[in-house]
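Visitor: Could you walk me through this one? I'd like to start with the rings and then move on to the strands.

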Amino acid sequence: MPRRPIRVTGAPEGPLRAALAALRTKLKVPAGFSPEVLAAAEQAAKAPALPEHDATDVPFFTIDPPGSTDLDQAMHLSRQGTGYRVRYAIADVAAFVVPGGPLDKEAHRRVMTLYFPDLRIPLHPQVLSEDAASLLPERTRPAALWTIDLDASGRTIAVDVRRALVRSRARLDYAGVQAQIDADTAEEPLVLLKTIGLLREQLEIERGGISLSVPEQEIVEQDHSYELTYRVPLPVEGWNEQLSLLTGMAAAQLMLGHGTGILRTQAPTTAGKLDELRRTAHALHIDWPHHVSYAQVVRSLDPAEPRHAAFLQACTGLMNRAEYTVFKGGNLPPHPTHAAVAAPYAHCTAPLRRLVDRYAAEICLAAVAGREPPGWVLAGLETVRRRMAESGGRAGSIERKCVDLVEAAVLKDRVGEIFEGCVVEREHPGHDGKVEPGVVQLASPAVIGDITGTTEDSLGERRPVRLTRADMKAPTVSFALA
C-alpha cells in the first residue's frame with residue numbers, strides 16, 4: 001500500500017540515516033556522476049543553446065519548499081480581459097543536453113530523481129539541475145514558455161508554447177506565500193494564484209477528478225530516539241499543483257491534436273478496491289454513506305485530523321497504477337485519459353527530475369510550430385516509455401523500503417506495547433499456498449504493518465494490537481491482536 005512522503009532529519013551518523021545509506025548501497029543506487037558526465041555538464045553549463053525569443057521583461061517567480069535549488073517551474077499570472085493569462089516557464093533541459101551525448105546517456109540510465117527520506121539522487125549533475133538550468137532568481141535562463149489563456153470560469157481558451165529566455169524575480173516558499181495571501185498583503189499575481197487555483201479546483205470537481213492532500217510525515221531524531229510528526233499541505237500547494245495539472249492537460253491536448261505523443265494514463269479503479277477502501281473508512285470511524293461518492297468524501301476530510309490523515313493515506317492505494325502511453329502517426333490511443341485527473345494528461349513540468357518531460361516538451365513545441373518533432377524524440381519514445389515504467393516501479397519499491405525502515409526505527413524500542421489499530425486486511429492464502437499476514441493501520445503513530453491472529457469479525461474494527469516486531473535490519477513492523 002503506497003504511503004505518505006517521509007522526511008528525516010538528524011546526524012548523518014545516526015542509526016536511521018546510517019541504515020538509509022546502507023539501503024542505498026544494497027539497492028545499487030548511484031552515488032555520484034562519472035568524470036566524463038561531470039565534464040560534459042560543466043561544458044554545457046557554459047554554452048547552452050539559447051532561444052531567440054526574449055521574455056525576460058515578464059516578472060516571473062517560483063514557489064517551492066524553503067531551500068530548494070532545483071527549480072523546474074516559474075510563473076506569472078495576470079488578468080486578460082474578463083479572464084486570466086497563465087505564463088508558466090519550464091526549465092529547458094534540452095538546451096544543455098545533446099542527444100546521444102554523455103549527459104543524455106546518463107539521464108537514460110537514471111531516468112528520474114530518486115527521493116530518500118534524508119536526501120535525493122538527482123537525474124542531472126547539480127551544476128545543471130541546481131544551477132545553470134534551474135530557474136533561480138535574477139538569472140537569465142532558457143525555458144519552454146507556456147502561455148495559457150483562461151476564461152472567467154478558469155477554462156482553457158488558448159494555448160501557446162515556445163522557447164524563450166526568462167528571468168525569475170523572486171524565489172518564494174509556500175508558507176510565505178500563504179501568509180501573504182491570508183493577510184491580504186499579496187500582490188496581484190499571488191492573489192490570482194488563489195483565484196485561478198480555486199477556479200481550477202472547481203473544474204476538477206465538475207469533471208470528476210481528485211487531488212489528494214496527504215500529510216507529509218517527518219521523523220525527527222532526538223536523544224537517540226525518533227519522534228513522528230506531520231506537516232499538513234497548505235492550500236497554496238494545491239493551487240500551485242493546479243497550474244501544473246493545467247499545463248499537463250494542455251500538453252496532452254496538443255499531442256493528441258498533433259497525432260504524436262506520450263501521455264500519462266490511468267485506468268479507472270475497480271469496485272473491489274472501493275469496497276476495500278470503504279472497510280478502511282469504517283475502521284477509522286469515517287462516515288461514508290453509500291450515496292456519497294469517493295470524491296465527495298475525500299473533499300470532506302481534514303488532513304490535520306489523524307483519522308482523516310490515515311484514511312487519505314489509504315486512498316493513495318485506491319487508483320490503478322498509472323502508465324505511459326506512446327502514440328505516433330495519428331494512431332491515437334483508445335483510452336487516453338488519466339482517471340485521477342479525469343482528462344488526458346502528460347508529464348511535462350519537471351524536466352530536471354524526469355526524463356520523459358524533455359521528450360514531451362519537444363513534441364509540444366513541434367505541435368505549436370506545425371512541424372515534426374526531432375528525430376531523436378520519435379526514435380526514443382518507446383524506449384523512454386519502457387524505462388520510465390521500470391524506473392517508476394523501482395522508485396515505488398524504494399519508497400516502500402524506506403517507509404518500512406523509518407517505521408521500524410520509530411517503533412524499535414516499543415516492542416510489546418499495545419496500540420489501537422484498525423484491521424484493514426485479514427490473513428489470506430498467498431499465491432504459493434502459504435498464509436499471508438493481514439494489514440493493520442494505526443491512527444497514532446501513523447503506521448501500517450503486518451498483523452497475525454485476525455478473523456473475519458476483526459476486519460474493519462478497532463482492536464488493541466501488540467507490537468511483536470520492529471526490525472530495522474529486515475526492515476519490518478509486525479503486530480498481533482492483543
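**Rings, cores and strands**

Guide: Trp 288, Tyr 294 and Phe 311 form one aromatic cluster. Rings of Phe, Tyr and Trp (its six-membered ring) pair if their centres lie within 6.5 Å, with planes under 30 degrees apart counted as stacked, over 60 as edge-to-face and the rest as tilted. Before going on: this is a predicted model, where local features need pLDDT of at least 70 and side-chain atom pairs count only at pLDDT 80 or more, while totals for chains, interfaces and linings use all residues. Residues are numbered from 1 along each chain as its sequence is written, and side-chain values use heavy atoms, with hydrogens and water left out.

Visitor: OK. How many aromatic pairs does the structure hold?

Guide: Four. One of them is Trp 288 with Phe 311, edge-to-face at 6.2 Å centre to centre and 75 degrees between the planes. Trp 288 is in the loop between α8 (271-283) and α9 (294-299), and Phe 311 is in helix α10 (residues 306-315), so to speak a link between distant parts of the chain, 23 residues apart. Helices (H or I, at least four residues) and strands (E, at least two) are DSSP runs, numbered from the N terminus.

Visitor: Is Trp 288 buried or exposed?

Guide: Trp 288 counts as buried, at 9% relative accessibility. Phe 311 is buried too, with a relative accessible area of 0%. Buried means under 20% relative accessible area, exposed over 50%, and partly exposed in between (1.4 Å probe, protein chains only).

Visitor: And which charged end sits over the ring of Trp 288?

Guide: That of Arg 278, 4.1 Å from the ring centre. The charged end of Arg 24 sits over the ring of Phe 116, 4.9 Å from its centre. The test is NZ of Lys or CZ of Arg within 6 Å of the ring centre and within 35 degrees of the ring normal.

Visitor: What do β15 and β21 belong to?

Guide: A closed barrel of five strands, running β15-β18-β19-β21-β20 with mixed pairing. The twist averages 50 degrees from one strand to the next. Within it, six bridges join strand β20 (residues 462-471) to β21, and those two run antiparallel; Arg 466 stands opposite Ala 480 in β21. Two strands pair if DSSP finds at least two bridges between them.

Visitor: Which helix lies across β15, β19, β20 and β21?

Guide: α12, running at about 60 degrees to β21. Axes are lines fitted to C-alpha atoms, for helices over the stretch in contact, and angles run from 0 to 180 degrees between N-to-C directions. Contact means heavy atoms within 4.5 Å.

Visitor: Switching to the core. How many residues does the largest nonpolar core have?

Guide: It has 83, and those with the most contacts inside it include Val 86, Trp 146, Leu 193 and Phe 479. Helix α12 (residues 375-411) gives the most to this core, with 12 residues. A second, separate core of 28 residues includes Val 58, Leu 71, Ala 89 and Val 127. A nonpolar core is a set of buried Ala, Val, Leu, Ile, Met, Phe, Trp, Tyr and Cys residues joined through side-chain atoms within 4.5 Å.

Visitor: Where does Val 86 pair up?

Guide: Val 86 is in β4, as the bridge partner of Leu 77. Eight bridges join strand β3 (residues 73-80) to β4, running antiparallel. In their hairpin, with two residues between the strands, Gly 81 takes a positive phi near 65 degrees.

Visitor: Why call β4 largely enclosed?

Guide: Because eight of the nine residues of β4 (residues 83-91) are buried. β4 also pairs with strand β7 (residues 140-150), antiparallel over eight bridges, with Tyr 88 opposite Trp 146. In β7, 10 of the 11 residues are buried, so it is largely enclosed as well.
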